[in-house]
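Colleague: I'd like to learn how to read a model like this one. Can we go through it feature by feature?

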Amino acid sequence: MLCNCTDFGIQYSKQAGIKLKDSYGSWPGGSGSNPGNLGEDIRKLSSNLNYEIIKSGGHTLGNS
């Protein structure tokens with residue numbers, strides 16, 4: 001089984017007790033688990049007693 005960064009995140013979350021569906025997407029020349037689709041699926045989740053979903057913006061480091 002081939003894994004990409006999205007697959008890793010889904011599996012890591014599963015170990016933490018957070019069940020995420022495989023966010024499959026397709027694009028010209030390929031298909032597979034897709035980080036953009038995963039982000040949209042996470043936005044649809046609700047917080048519960050085990051975790052909080054923070055839907056406001058965040059910050060990331062730039063590439064250099």
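Colleague: Let's start with charge: how many positive and how many negative side chains does the protein chain have, and how far apart do the centres of the two sets lie?

Modeller: Keep in mind that this is a predicted model. The protein chain carries 6 positive and 5 negative side chains, with the centres of the two sets 5 Å apart.

Colleague: What order do the elements run in from the N terminus?

Modeller: Going from that end, the order is α-β-β-α. That makes 2 helices and 2 strands in the protein chain. As for dimensions, the C-alpha trace spans about 40 × 30 × 20 Å along its principal axes.

Colleague: Now the strands. In which sense do strand 1 and strand 2 pair?

Modeller: One general idea to start: in a regular strand, side chains alternate between the two faces of the sheet. Here, strand 1 (residues 24-27) pairs with strand 2 (residues 30-33) in the antiparallel sense, over 4 bridges. Look across from glycine 25 and you'll find glycine 32 in strand 2.

Colleague: And what about the hairpin: which residue takes a positive phi there?

Modeller: That's glycine 29, with a phi near 90°. The hairpin has 2 residues between the strands.

Colleague: How should I read aromatic pairs, and how many does a search of the whole structure find?

Modeller: A pair of aromatic rings is described by the distance of the centres and the angle of the planes. The search turns up 1 aromatic pair in the whole structure. The rings of phenylalanine 8 and tyrosine 12 have centres 5.9 Å apart and planes at 25°, so this pair counts as stacked, the cut-off being under 30 degrees.

Colleague: Where do phenylalanine 8 and tyrosine 12 lie?

Modeller: Both belong to helix 1 (residues 5-15), 4 residues apart, which is about one turn of the helix. Phenylalanine 8 is exposed, at 56% relative accessible area, and tyrosine 12 is exposed with 56% too.

Colleague: Zooming out, what share of the 64 residues counts as buried?

Modeller: For the protein chain, 22% of them. The chain exposes about 5500 Å², and carbon and sulfur atoms supply 54% of that.

Key:
Residues are numbered from 1 along each chain as its sequence is written. This is a predicted model: local features need pLDDT of at least 70, side-chain atom pairs count only at pLDDT 80 or more; totals for chains, interfaces and linings use all residues. Side-chain values use heavy atoms; hydrogens and water are left out. Two strands pair if DSSP finds at least two bridges between them. Rings of Phe, Tyr and Trp (its six-membered ring) pair if their centres lie within 6.5 Å; planes under 30 degrees apart count as stacked, over 60 as edge-to-face and the rest as tilted. Buried means under 20% relative accessible area, exposed over 50%, partly exposed in between (1.4 Å probe, protein chains only). Accessible areas come from the Shrake-Rupley method with a 1.4 Å probe; for residues, only the protein chains shown count as cover. Lys and Arg count as positive and Asp and Glu as negative; His and the chain ends are not counted. The place of a charge is taken as NZ of Lys, CZ of Arg, CG of Asp or CD of Glu.
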